[in-house]
Amino acid sequence: MKKNIGITILITSIILTIVLVSNKKEMDTVTSVSEIPLVKVSPLIQNKINARIQSQGTILPVNENVVLAEINARVDWVSGKMETGSSFYKGDTLVKLDKRDYELALISAESNILNAKVNLEREQAEFDLANKEWERVGSGKASDLTLRKPQLAQAEAIWAASKAAVEQAQRNLDRTVIIAPFSGRVRKKHINVGSSLFAGTTIAQIYSTDYYEVRLPISDRDMFFTGLSFDGNYIAPSNQLDVLFRLDNNNVFKGKIVRTESEKDYKTKMVILIAKIDAKKNLGTNNILAIDQFLEAEIIGIELDKSIQIPRSMVRDSHVWVVDSNKKLRKRKVDLWRYEQEKAIVKNGFFKGDYLLMSRMNTLVDGML
């Protein structure tokens, strides 16, 4: 039996192999199908887009005056509106000076003009009488002195001088009261009650709050998109650009570019636009602006016709990925107008039927379905 064990095992293995081979199943054939990716796209729409130029600046007064004393006098009264930073309105009385000396001077000048008037009338009568007498008894040509012409001319001169003296005395008296020439604020006060003033003494620095200016620097590459000439001249109202100023999200108001500066800023080497803000028109009675306050500005530039605005992140080396009308990926080389913050404005380069690819893909192949 031991001799037959090996033969038995061999025969059994052969039989099992034959059975398994004869009963094996055929493997199903699977056809490989490529998966077409689903992507998000955005339409590319041509529009008329105005260039928007970002800048910033600080508020400056359009009309700022240094109030000077025009006479020698002592300060009698100072308005509470004359404190540094205080506001006042046009026509408000700001300062009163001692006027007694100037009232006396006016009385004296008025007295002199009465004397001059009497003297003139007397000389006029003497002149008329001298001429009539010469016509009655004289012969030949009379001298001017005989006809009292010099005396009459002197009386007329004294009369004119006395009138000028009265006017000057009245002007000096008027200068003892300082009236606000416009509505504004006090930048700095230099006097107090009891101060002695002389002609030319600084009383205060004031500025108007009706209008403000803002100097807005822009780079050389933005100059073209303003459509302006940087020659330092005033810009005609029809060509003035709109400006949007922002203090914060709740305070946005408008201004106008009214002129340009013909020289670059010596520090930044940038060109300068001057914007003007009409405080009454934009801010109403709630004048929230202050001198030297910082503002963000957006200048509305020239119109860019037939332009397409896309996210800036979609542009790589002047190329943009799109899905064409056949639903295939295409890499388009585009001509850009400019970048504006998070946006890129495309001049041309897209084809009809193109859609901007918005999805991020691991693999980008030109012509991929």
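In which helix does Ile15 lie? Ile15 lies in helix 1, which covers residues 2–22, and the points below take up this residue and then other parts of what is a predicted model.

1. Ile15 itself is partly exposed, since its relative accessible area is 49%.

2. Overall shape. The protein holds five helices and 20 strands. Its radius of gyration is 46 Å, well over the 21 Å that the globule rule gives for 369 residues, so the protein is more spread out than a compact globule. The C-alpha trace spans about 195 × 55 × 35 Å along the principal axes, and 33% of the 369 residues count as buried.

3. Aromatic pairs. The count of aromatic pairs comes to four. One of them is formed by Phe225 and Trp337, whose ring centres are 6.4 Å apart and whose planes stand at 75 degrees, so the pair is edge-to-face; a reader who wishes to check this assignment may note that centres have to lie within 6.5 Å and that planes over 60 degrees apart count as edge-to-face. Because Phe225 lies in the loop between helix 4 (220–223) and strand 12 (242–248), while Trp337 belongs to strand 18 (residues 335–340), the pair ties together parts that are 112 residues apart in sequence.

4. Surroundings of that pair. With a relative accessible area of 6%, Phe225 is buried, whereas Trp337 is partly exposed, at 23%. Phe224, Phe225 and Trp337 form one aromatic cluster. Trp337 also has a charged residue over its face, namely Lys347, at 4.5 Å from the ring centre.

5. A charge over a tyrosine ring. At Tyr339, the charged end of Arg312 sits over the ring, 4.3 Å from its centre.

6. Salt bridge between Glu70 and Arg175. The count of salt bridges comes to 18, and in one of them the side chains of Glu70 and Arg175 meet at 3.6 Å, N to O. Glu70 is placed in the loop between strand 3 (64–68) and strand 4 (73–78), and Arg175 in the loop between helix 3 (149–174) and strand 7 (177–179), so this pair ties together parts that are 105 residues apart in sequence. Glu70 counts as exposed, because its relative accessibility is 52% and the class begins over 50%.

7. Salt bridge between Lys256 and Asp242. The closest N and O atoms of Lys256 and Asp242 are 2.6 Å apart in their salt bridge. Lys256 lies in strand 13 (residues 251–260) and Asp242 in strand 12, so the pair ties together parts that are 14 residues apart in sequence. Both partners count as partly exposed, Lys256 at 33% relative accessibility and Asp242 with a relative accessible area of 34%.

8. A salt-bridge network. Salt bridges that share partners join Arg74, Asp76, Asp98 and Arg100 into one network. Within it, the side chains of Arg74 and Asp76 meet in a salt bridge at 3.2 Å, N to O; Arg74 counts as partly exposed at 36% relative accessibility, and Asp76 likewise counts as partly exposed, at 37%.

Note on methods. Residues numbered from 1 in each chain as written. Predicted model: local features only at pLDDT ≥ 70, side-chain atom pairs only at ≥ 80, totals over all residues. Heavy atoms only, no water. Phe/Tyr/Trp six-rings, centres within 6.5 Å; stacked < 30°, edge-to-face > 60°. Helix = DSSP H or I, 4+ residues; strand = E, 2+ residues; numbered from the N terminus. Buried < 20%, exposed > 50% of the residue type's maximum accessible area, 1.4 Å probe, protein only. Lys NZ or Arg CZ within 6 Å of the ring centre and 35° of its normal. Rg over C-alpha atoms; globule rule 2.2 N^0.38 Å. Salt bridge = Lys/Arg side-chain N within 4 Å of Asp/Glu carboxyl O.
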